[in-house]
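The sequence and structure come first.

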Amino acid sequence: RQDSSVIYSDNPVKQAKFFENEGCKRIHIVDLDAAFRKQVNNKQIILDIRDSISIDIELGGGIRTENDVSFWINKGINFLIIGSMATKDLDNIKKIANTFPEKLYVSLDDYNGKIMIHGWVDESNFKTEQIINNYNNSKIKGFIFTDITRDGKLEGINTKKVRDCLKLSKKPFIIGGGLSGNNDLINLLNLNNPLLEGVIAGKSFYSGKIE
């Protein structure tokens with residue numbers, strides 16, 4: 001939410017270089033202005049980040065058409081995150097995934113088992129498990145699962161919820177929402193599931209909970 005936003009850095013390029021120098025293998029970028037359809041164009045900043053680092057980038061926010069996907073892939077963005085569109089036009093997203101195999105992640109923005117859209121403002125018509133089932137046999141790369149009830153609260157990741165979702169999935173999972181420290185990473189590793197691809201560190205890093 002904009003009214004609860006906090007600016008942690010006013011130099012995204014410098015921040016991205018820092019993460020690369022620290023040994024991160026991938027940067028997670030969300031264009032919030034694009035996600036909320038604001039008339040602010042962050043494309044050049046994102047392209048500057050791409051030109052400044054050599055590690056992978058996954059990008060979300062405002063990616064709504066095949067032209068959007070084509071633009072970013074051709075500019076060297078490695079993976080794209082599809083949010084609201086993944087619940088509105090399932091067949092088209094599968095078609096785009098056929099054109100760009102293993103390049104798309106589908107967002108699972110979960111609020112008590114339901115998928116939220118439009119920046120978590122609206123409830124979709126789908127349960128989380130339905131979206132997983134819909135895309136399991138497609139050519140998407142995987143899912144990015146965010147537990148909205150815990151996002152930004154540093155309360156810890158709900159590993160039971162993650163485990164239950166992983167049981168349904170045939171695709172890799174990246175986890176967001178609730179990361180509070182190294183114990184969460186240990187708990188996730190203890191799930192011992194090969195589909196668990198990664199964890200998104202946002203507020204947990206910027207507030208000093210994760211080094």
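## Overall form

Of the 211 residues in the protein chain, 42% are buried, where buried means under 20% relative accessible area, exposed means over 50%, and partly exposed lies in between (1.4 Å probe, protein chains only). The model is predicted, so that local features need pLDDT of at least 70 and side-chain atom pairs count only at pLDDT 80 or more, while totals for chains, interfaces and linings use all residues. Residues are numbered from 1 along each chain as its sequence is written, and side-chain values use heavy atoms, with hydrogens and water left out.

The protein chain has 10 helices and 9 strands, these being DSSP runs numbered from the N terminus (helices H or I, at least four residues; strands E, at least two). Its radius of gyration is 16 Å, close to the 17 Å that the globule rule gives for 211 residues, so the chain is as compact as a globular protein of that length; the radius is taken over C-alpha atoms, and the rule is 2.2 Å times the number of residues to the power 0.38. Along its principal axes the C-alpha trace spans about 40 × 40 × 35 Å. Among contacts with a separation of 6 or more, 68% involve residues 24 or more positions apart, a contact being heavy atoms within 4.5 Å.

In strand β7 (residues 142–147), 6 of its 6 residues are buried. G142, I144 and T146 point one way from β7, whereas F143, F145 and D147 point the other way.

Strand β4 (residues 104–111) pairs with β7 in the parallel sense over 6 bridges, pairing requiring at least two bridges found by DSSP between two strands; here Y105 stands opposite G142. Strand β8 (residues 173–176) also pairs with β7 in the parallel sense, over 4 bridges, and I175 of β8 stands opposite F145.

## Nonpolar cores

The largest nonpolar core holds 49 residues, of which V69, L80, Y135 and F173 touch the most other members; such a core is a set of buried Ala, Val, Leu, Ile, Met, Phe, Trp, Tyr and Cys residues joined through side-chain atoms within 4.5 Å. Helix α6 (residues 90–99) contributes the largest share of this core, 4 residues. A second, separate core of 6 residues includes F79, I144, I174 and I200.

Leaving aside residues up to four places away in sequence, V69 touches I63, L80, I82, I96, F100 and L104.

## Helices with one covered side

The buried residues of α6 are L90, I93, I96 and A97. They cover an arc of only 120 degrees around the axis, which puts them on the same side of α6, the arc being that of the directions from the helix axis to the C-beta atoms. Their cover includes α4 (66–74), β3 (79–82), α5 (85–88), β4, β6 (122–127) and α7.

In helix α7 (residues 128–135), T128, I131, I132 and Y135 are buried. These residues cover an arc of only 100 degrees around the axis, which puts them on the same side of α7.

## A16 in helix α1

A16 lies in helix α1 (residues 12–21) and counts as buried at 4% relative accessibility. Not counting residues up to four places away in sequence, A16 touches I27, I49 and I53. The C-alpha atoms of A16 and I29, 13 residues apart along the chain, are separated by 9.6 Å.
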